[in-house]
Amino acid sequence: MKDLGELKYFLGIEFSRSQESIVMYQRKYALELVSELGLAGGKPAATPLEFNHKLTSIEFDKEIPYANTTLDNELEEKGSYQRLVGRLLYLTMTRPDIAFMVQLLNQYIPAPKLSHMEVALRVVRYIKTAPGLGLFMPAKACKELVAYCYSDLGACVETRRSVTGYAVKFGEACISWKSKKQGTESKSSVEAEFRSMASTVAKVVWVT
């Protein structure tokens, strides 16, 4: 937290302290984002992405026309999408729950489509459901370091690469998390899981 310096004020990072814990969150920053996008009166979303919904690029749609059956043109105002994804990236500092979606949206920054913008706005409506969510850091001493990881085989429909995700907890505090597409294509779920575990172990070794 000390390393954040003046950045914590720019990102609207707030702290709630008690004898039992410290909670770090970005409620003001999240509410400002919702308000600026005109979604204050909109319906909140229960999840950041619809179940089994896949995003594709414009190039992929051209090569495989049936991949997108609805009219989905390139976004004319790319800057609005790029700024929105950039602001969502800042929110991942205290919101591990949107890390997967933000890294996914970030892949389409060079040439976003209308559907990408709609999904990005859905993430904001999801944030609206609980803008005060953040990181819980208990005050009690702990020596237990636990890591969780997962892999989503062939999550990217374009490259068939899997996605690695992990979360590292020190006691009850989540201290590190990430969601990233794997560098190479895995031939099986076992291979994808081993790649995910290798990335997680490497992170744990770095943390310790």
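This talk walks through one predicted protein model, from its overall layout to a few single residues.

First, the ground rules. Because this is a predicted model, local features need pLDDT of at least 70 and side-chain atom pairs count only at pLDDT 80 or more, while totals for chains, interfaces and linings use all residues. Residues are numbered from 1 along each chain as its sequence is written, and side-chain values use heavy atoms, with hydrogens and water left out.

Now the layout. The protein chain has 7 helices and 6 strands. Both are DSSP runs, numbered from the N terminus: helices are H or I with at least four residues, strands are E with at least two. Starting at the N terminus, the order is α-β-β-α-α-α-α-α-β-β-β-β-α. The radius of gyration is 19 Å, close to the 17 Å from the globule rule for 208 residues, so the chain is as compact as a globular protein of that length. That radius is taken over C-alpha atoms, and the rule is 2.2 Å times the number of residues to the power 0.38. Along the principal axes, the C-alpha atoms fill a box of roughly 60 × 45 × 30 Å.

How much of the chain is buried? Of the 208 residues, 37% count as buried. Buried means under 20% relative accessible area, exposed means over 50%, and partly exposed is in between, with a 1.4 Å probe and protein chains only.

Next, contacts, meaning heavy atoms within 4.5 Å. Take the contacts between residues at least 6 apart in sequence: 65% of them join residues at least 24 apart.

Let's look at helix H6, residues 114-129. At 1.5 Å a residue, its 16 residues should span 22 Å, and the end C-alpha atoms are 24 Å apart, which agrees. The expected span is 1.5 Å times one less than the number of residues. Which helices do the buried residues of H6 pack against? They pack against H2 (27-36), H4 (78-91) and H5 (99-106). Those buried residues include Met117, Ala120, Val123, Val124 and Ile127.

That brings us to the nonpolar core. The term means a set of buried Ala, Val, Leu, Ile, Met, Phe, Trp, Tyr and Cys residues joined through side-chain atoms within 4.5 Å. The largest core has 27 residues, and Tyr81, Leu88, Leu91, Leu105 and Ile127 touch the most other members. H2, H4, H5 and H6 each supply at least two residues of this core. The largest share, 7 residues, comes from H6. In soluble globular proteins, nonpolar side chains tend to be buried together.

Zoom in on leucine 88. Leaving aside neighbours within four places in sequence, leucine 88 is in contact with Leu33, Ile98, Val102, Leu105, Ala120, Val123, Val124 and Ile127.

On to charges. The structure holds 6 salt bridges. A salt bridge here is a side-chain nitrogen of Lys or Arg within 4 Å of a carboxyl oxygen of Asp or Glu. One joins lysine 113 to aspartate 61, with the closest N and O atoms 2.5 Å apart. Lysine 113 lies in the loop between H5 and H6 and aspartate 61 in helix H3 (residues 58-63), so the pair ties together parts 52 residues apart in sequence. Are lysine 113 and aspartate 61 buried or exposed? Both are buried.

Compare another pair. Glutamate 172 bridges to lysine 140, with the closest N and O atoms 3.3 Å apart. Glutamate 172 sits in the loop between S5 (163-170) and S6 (173-181), lysine 140 in the loop between S3 (134-138) and S4 (145-152), 32 residues apart. Glutamate 172 is partly exposed at 42%, and lysine 140 is exposed at 56%.

Threonine 164 is in strand S5. Threonine 164 is buried, with a relative accessible area of 8%. Its side chain makes a polar contact of 2.9 Å with that of glutamine 182. A polar contact is a pair of N or O atoms within 3.5 Å; within protein, one must be able to donate a hydrogen and the other to accept it, and residues adjacent in sequence count only if both atoms are side-chain atoms.

Last, glutamate 74, in the loop between H3 and H4. Glutamate 74 is partly exposed, at 36%. A polar contact of 2.9 Å joins its side chain to that of lysine 78. The C-alpha atoms of glutamate 74 and alanine 111 are separated by 6.8 Å, though the two are 37 residues apart along the chain.
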